[in-house]
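Reader: Can we go through this one together? I'd like the ground rules, then the details.
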Amino acid sequence: MRDDLDPRRLETFRVVAQAGRISAAASLLNLSQPAVTAQIRQLEADLGRSLFTRHASGVQLTETGRLLADYARRVHRLLEEAVERLQAEEQPAGELRLGASTTAAAYILPPVLQAFAASHRPAPLVLEVGNTDEVLAWVREGRVPLALVEGLTRAPGLSLQPYLKDELVAVRAARAPEPLKAVRTAADLAGVPLIWREPGSGTRVVVERSLRRTRRIQGPRATDLVVGDTEAIKSCVLLGLGIGFLSRWSIQRELQRGTLELISLPDLSIPRTFSWAQVGGGLAGQAAAFLRHALAHPPAPSGGTGR
């Protein structure tokens with residue numbers, strides 16, 4: 001086994017590992033399939049070990065291949081960061097324009113923006129905040145090149161890249177009135193007031209879809225409230241006006257203080273994902289640098305889960 005590795009072969013190996021097929025990797029690398037195969041075989045010869053097993057649908061990493069792939073990805077990310085940092089030093093920092101749905105803007109983006117600012121040249125920042133439908137429209141119009149939204153698996157005309165897992169959970173005030181305290185299952189929700197987000201909200205879409213599956217609640221009823229943002233829902237819940245569904249990211253402090261409590265509903269689970277939305281074709285400038293940073297340094301919740 002050689003004591004050094006050809007970085008070009010290592011990069012070819014990384015792309016093949018990611019693509020899962022020699023033909024797909026060749027296309028991404030703008031090389032012929034025989035050239036890619038030759039580089040992989042030479043890398044295996046240098047190491048004295050097999051990196052892939054070949055089968056009809058493509059290639060699969062061996063145990064050695066999985067180990068090396070992790071290092072190859074880290075080398076690739078490090079080189080990207082080096083280029084990004086050099087470009088930031090040599091070029092004037094352009095304006096960073098982002099969009100975000102309200103939950104993402106309030107609870108996900110602030111620590112990411114803080115970390116990005118600490119490692120990059122200062123640049124003007126414009127953060128546009130709205131509900132999910134509004135933010136997606138801004139991306140389509142070119143008003144912002146990149147936005148963080150919630151609860152979507154697809155968005156016509158846009159590319160979505162999953163970022164963080166989340167869960168919408170039922171909450172009530174710690175000192176809620178007795179009817180709210182009696183809720184134990186999703187079926188019980190039919191007998192108490194609920195507090196909803198406004199139409200166009202990603203949270204509203206996900207909650208409404210999940211509750212419809214219970215066959216008991218189709219949407220807001222005469223006894224329910226509809227309010228415009230997460231903090232308004234929290235305020236209403238804390239006053240005992242009903243039960244709300246909120247992101248786990250948004251209630252860490254209230255759970256720690258004991259002012260809100262989770263309602264464990266064994267027959268209802270509402271997972272969702274925060275995703276980056278952009279127009280196909282890729283990003284440039286500050287938006288591209290920010291997305292690379294955000295993907296490499298995702299935030300962690302500020303507190304426990306509360307369960």
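Author: A term to begin with: buried means under 20% relative accessible area, exposed over 50%, and partly exposed in between, using a 1.4 Å probe and protein chains only. Helices (H or I, at least four residues) and strands (E, at least two) are DSSP runs, numbered from the N terminus. This is a predicted model, where local features need pLDDT of at least 70, side-chain atom pairs count only at pLDDT 80 or more, and totals for chains, interfaces and linings use all residues. Residues are numbered from 1 along each chain as its sequence is written, and side-chain values use heavy atoms, with hydrogens and water left out.

Reader: Fine. How many residues of H8 are buried?
Author: Eight of the eleven, so H8 is largely enclosed by the rest of the structure. Among them are Gly202, Arg204, Val207 and Glu208.

Reader: What does serine 201 reach at the start of H8?
Author: The backbone nitrogen of threonine 203: a side-chain oxygen of serine 201 comes to within 3.1 Å of that atom.

Reader: What about phi of asparagine 30?
Author: Positive, near 60°, and again in a residue other than glycine. Asparagine 30 is placed in the loop between helix H2 (22–29) and helix H3 (33–47). Its relative accessible area is 71%, so asparagine 30 is exposed.

Reader: Switching to strands. Is S11 mostly covered or uncovered?
Author: Mostly covered: seven of the eight residues in S11 (271–278) are buried. Strand S6 (residues 159–173) pairs with S11 in the antiparallel sense over eight bridges; two strands pair if DSSP finds at least two bridges between them. Proline 162 stands opposite serine 275 in S11.

Reader: Which residue in S11 is the bridge partner of leucine 148?
Author: Tryptophan 276. Strand S5 (residues 147–150) also pairs with S11 in the antiparallel sense, over four bridges.

Reader: Which residues touch the most other members of the largest nonpolar core?
Author: Leu148 and Trp276 are among them, as are Ile108, Phe274 and Phe290, in a core of 22 residues. A nonpolar core here is a set of buried Ala, Val, Leu, Ile, Met, Phe, Trp, Tyr and Cys residues joined through side-chain atoms within 4.5 Å. The largest share of this core, eight residues, comes from H5.

Terms used: A polar contact is a pair of N or O atoms within 3.5 Å; within protein, one must be able to donate a hydrogen and the other to accept it, and residues adjacent in sequence count only if both atoms are side-chain atoms.
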